[in-house]
Amino acid sequence: MIADAPPYPERTFDRCGDYSLIGPCGERAAEQGLVAAEWYHTDVPRARMKELMRRRNGPAIRDTVIWFALLAGLALGGYWFWGGWLCVPFFLGYAVLYGSASDSRWHESGHGTAFRTAWLNDALYQVASFMNAKEPTYWRWSHARHHTDTIIVGRDREIAAMRPPNVRRLLLNIFGLADAVSTARSVARHATGRLTAEEQTFIPGSERGRVRREARAWVVIYLAVVAAAIVLRSWLPIVYLFLPLVGGHWLALLFGVSQHAGLAENVLDHRLNSRTIRMNPAFRFVYWNMNYHVEHHMFPMVPYHALPRLHAELRHDMPPPCPSLLAAYREILPALRRQLHDPSYHIRRELPVSAKPFRPELHPALFEA
Amino acid sequence: MMMSAGDEMWLEACAVDDVDTEDVLRFDHGELTFAVVRSPDGRFYATDGLCSHERAHLADGLVMGDLIECPKHNGRFNYKTGEAKRAPARISLCTYPVKVEGGKVFIGLG
């Protein structure tokens, strides 16, 4: 049952639309109490929360073995049929499992929740970060900021669909092209030990050496792969390493954009700025259950394998989930189209009648004159 | 309740049974906040109550062996020594002496 009254008034504030981390919006957000603020949490009994937070090795070991076995099988099929059209479906499957599943593995192991054993999380984090072309230390701190200030303009650098949306960048990223160019630039910059002014706002100075070492290691690996292709006189090393970045990123993009696109900015309630979507088991395997995105943001210490149970625990206090990825894009695409001309527009999430009251004191930006 | 012994002041934080083994409880005293941790072997420890990274209450986090994990960004600390063990936590926590008397847990402030 949906409440008749909207949970918060129509837009009543002058929107700040500069997404730069060193622009005026971050300062303004801080003045409004939106930075490193207290966020809404549904009450969950401590005993139940402990059950949900409990770490296990089994599910992630099983999923990782299956993932790498599938990758190896598809890579072998591509090699076997190399030179003929039959290699194409193998390489396309390989590219998606490599380029898109690595995104969720990077994410979950970065939170340290995939495995109970710390070194397994660290090992998967390094491998998946490389596969997904996300520099490990740089993205660890970027993602920490994303969780501190989720979709706070001028603070969160992981806003996939800004207002107005950058359509060109989104389209280029279907083939991973915009991200590939920005990653190539940042790896080159970091290999020389430089951080931009924006990066310095979220990466501590003490981590600079680590960022530099990782970037240099990546450059060595990339050069080694190119050298291997030249020595072997084969495109295969290039195809195995670089094809997934352009041919396998599209599913991660579809998942990633669906997390927050079109929803509210500058609110302190993940129910209003994040989207939970029902998905089929194949998508949930690739995405490691990040379709339960409101739940993940509200309780990031709950491992991916427990998110369906967390969803059941919180359902009474949540907006209804989108019934499918297609349904999610049926609300996202019209919203993005409207935001091209009206950046103040966003989808207003309505909370169930049974939900805990909306807390206006946590959302000063919404009530600013 | 407070007790003084020499230069040390002891704050009554909770009853022994208030904290499960391998769990944590928040204890506030004035402007101070503490995390009272009970290890898997039943011993009590106390640290600063707020994560040194972004000041989330550690009592909402998870105790695993010798570690406590922050609920906000999953930074980890050794609650016995206060040492930061996992980014984004980099600054160690202060730890405090603890004693158990008469079924109550006391935190010592020097």
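**Note on a predicted two-chain model**

1. Strand β5 (residues 44–48) of chain B pairs with β10(B) in the antiparallel sense, over two bridges. Within this pairing, B:Thr47 stands opposite B:Thr95 of β10(B). The model is a predicted one, and the remarks below should be read accordingly.

2. The two strands belong to an open sheet of four strands in chain B, with the order β3-β4-β5-β10 and antiparallel pairing. Its edge strands are β3 (23–29) and β10 of chain B, each of which pairs on one side only. In general, the strands of a sheet pair through backbone hydrogen bonds, in either a parallel or an antiparallel manner.

3. A cis peptide bond in chain B also deserves attention. The bond from B:Ala87 to B:Pro88 is cis, and its omega is near 10 degrees. B:Pro88 is located in the loop between β9 (84–86) and β10 (95–96) of chain B, and β10 is an edge strand of the sheet described above.

4. Chain A likewise has a cis peptide bond, from A:Arg163 to A:Pro164, with omega near -5 degrees. A:Pro164 lies in the loop that runs between α7 and α8 (167–172) of chain A.

5. The loop between α7 and α8 of chain A also holds A:Ile151. This residue has a positive phi of about 55 degrees, although it is not a glycine. Is A:Ile151 buried or exposed? A:Ile151 has 26 C-beta neighbours inside 10 Å and therefore counts as buried, the cut-off for a buried residue being 20 or more.

6. A positive phi is found at A:Trp288 as well, near 50 degrees, again in a residue other than glycine. A:Trp288 is placed in the loop between α14 (281–287) and α15 (293–298) of chain A. With 24 other C-beta atoms within 10 Å, A:Trp288 is buried.

7. Two helix pairs of chain A may be considered next. Packed helices are described by the angle between their axes and by the distance between those axes. Helix α9 (residues 177–191) and helix α10 (residues 208–232) of chain A pack at an angle of about 120 degrees, and their axes are 7 Å apart. The two helices are therefore oblique to each other, and α9(A) passes α10(A) in a left-handed crossing.

8. Which residues of α9(A) and α10(A) meet? From α9(A) come A:Val187, A:His190 and A:Ala191, and from α10(A) come A:Val211, A:Arg212, A:Ala215, A:Arg216, A:Trp218 and A:Val219. By class, this contact has six nonpolar, one polar and two charged residues.

9. Helix α5 (residues 101–111) and helix α6 (residues 118–131) of chain A pack at about 145 degrees, with axes 8 Å apart. Their crossing is left-handed. On the α5(A) side the contact is made by A:Ser102, A:Arg105, A:Trp106, A:Ser109 and A:Gly110; on the α6(A) side, by A:Asn121, A:Leu124, A:Tyr125, A:Ala128, A:Ser129 and A:Met131. Five of these residues are nonpolar, five are polar and one is charged.

10. The final point concerns the contact of the two chains. Chain A contributes 16 residues and chain B contributes 14 residues. On the side of chain A that touches chain B, the elements giving two or more residues are α2 (46–53) and α7 (136–148) of chain A. The largest share of that side, five residues, comes from α7(A). The residues on the side of chain A comprise seven nonpolar, six polar and three charged.

Key: Residues are numbered from 1 along each chain as its sequence is written. Chains are lettered from A and ligands numbered from 1 in the order in which they are written. This is a predicted model: local features need pLDDT of at least 70, side-chain atom pairs count only at pLDDT 80 or more; totals for chains, interfaces and linings use all residues. Axes are lines fitted to C-alpha atoms, for helices over the stretch in contact, and angles run from 0 to 180 degrees between N-to-C directions. A crossing is left-handed if the near helix is turned anticlockwise from the far one by less than a right angle, and right-handed if clockwise. Two residues are in contact if their C-beta atoms, placed from the backbone, lie within 7 Å. Ala, Val, Leu, Ile, Met, Phe, Trp, Tyr, Cys and Pro count as nonpolar, Asp, Glu, Lys and Arg as charged, and the others, Gly among them, as polar. Angles under 35 degrees count as roughly parallel, over 145 as roughly antiparallel, 65 to 115 as roughly perpendicular and the rest as oblique. A residue is buried if 20 or more other C-beta atoms lie within 10 Å of its own, exposed if 12 or fewer, and partly exposed in between; C-beta atoms are placed from the backbone. Two strands pair if DSSP finds at least two bridges between them.
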